[in-house]
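Work through the exercises below with the sequence and the model at hand. Each task is followed by a stepwise solution.

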Amino acid sequence: MKKLVLVAVLFSAFFMSCSVEEENTTPEEYKLENISVEYTQLDYEIAELINAYRISQGLNTLNILNAASKEATKHNQYMVNKGVPSHDFFYLRSQNLKESVNAKNVSENVGFGFSNAQSLVDAWINSEGHRQNIENPDFTDFGISTQQDEQGKNYFTNIFVKL
């Protein structure tokens, strides 16, 4: 019985230390507050293609939300710095939007390496999980960001929001 209690204590101490460590390892990109949101032609093309697809499905179009684009920009900088696409720290982006614009629901699509808007949006539409985000009838707004790494590879983050 003593061994079982000791194992339980060690097990819970391990998980508590991991969650504390996660909070202390927030990347610098997510701590930046003074981010200026600037849209590229590619961003606008992606937004237009997503809205055109939504219209074809009988859904409302989405408005571009600067607060969501700000979170997308932070995440793109993180992905460029890491050199890999990911959904790392999504909970921070979601929480920030819930606090800053009272978002009710948040989801995201990320992408890497596509050279044009059509190929990216086609890939998202052909992927069930990404398509579900695009087709979610509850979403009202979205943020978009595209950033290139030093080799010219594009990183994309598209954050969907229900206000």
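**Exercise 1.** Find the residue with a positive phi in the hairpin of strand 3 and strand 4, then describe how strand 4 is paired and covered.

Solution.
1. Five residues lie between the two strands of this hairpin, and G152 has a positive phi near 85°. The model is predicted: local features need pLDDT of at least 70, side-chain atom pairs pLDDT 80 or more, while totals for chains, interfaces and linings use all residues. Numbering starts from 1 along each chain as its sequence is written, and side-chain values use heavy atoms, without hydrogens and water.
2. Strand 3 (residues 141-148) runs antiparallel to strand 4, with eight bridges joining them; I144 has N158 as its bridge partner. Strands are DSSP runs of E, at least two residues, numbered from the N terminus, and a pair needs at least two DSSP bridges.
3. Strand 2 (residues 105-112) is also antiparallel to strand 4 and joined to it by eight bridges, with N105 bridged to K162.
4. In strand 4 (residues 154-162), eight of nine residues are buried (under 20% relative accessible area, 1.4 Å probe, protein chains only).

**Exercise 2.** How do helix 3 and helix 4 pack?

Solution.
1. Helix 3 (residues 66-82) and helix 4 (residues 90-101) pack at about 155°, their axes 10 Å apart. Helix 3 is therefore roughly antiparallel to helix 4 (an angle over 145 degrees).
2. In helix 3, A67, A68, E71, K74 and H75 meet residues of helix 4, including L92 and V101; contact means heavy atoms within 4.5 Å.
3. By class, this contact has five nonpolar, three polar and three charged residues.

Technical notes. Axes fitted to C-alpha atoms, helices over the stretch in contact; angles between N-to-C directions. Helix = DSSP H or I, 4+ residues; strand = E, 2+ residues; numbered from the N terminus. Parallel < 35°, antiparallel > 145°, perpendicular 65-115°, else oblique. Nonpolar A, V, L, I, M, F, W, Y, C, P; charged D, E, K, R; others polar. Buried < 20%, exposed > 50% of the residue type's maximum accessible area, 1.4 Å probe, protein only.
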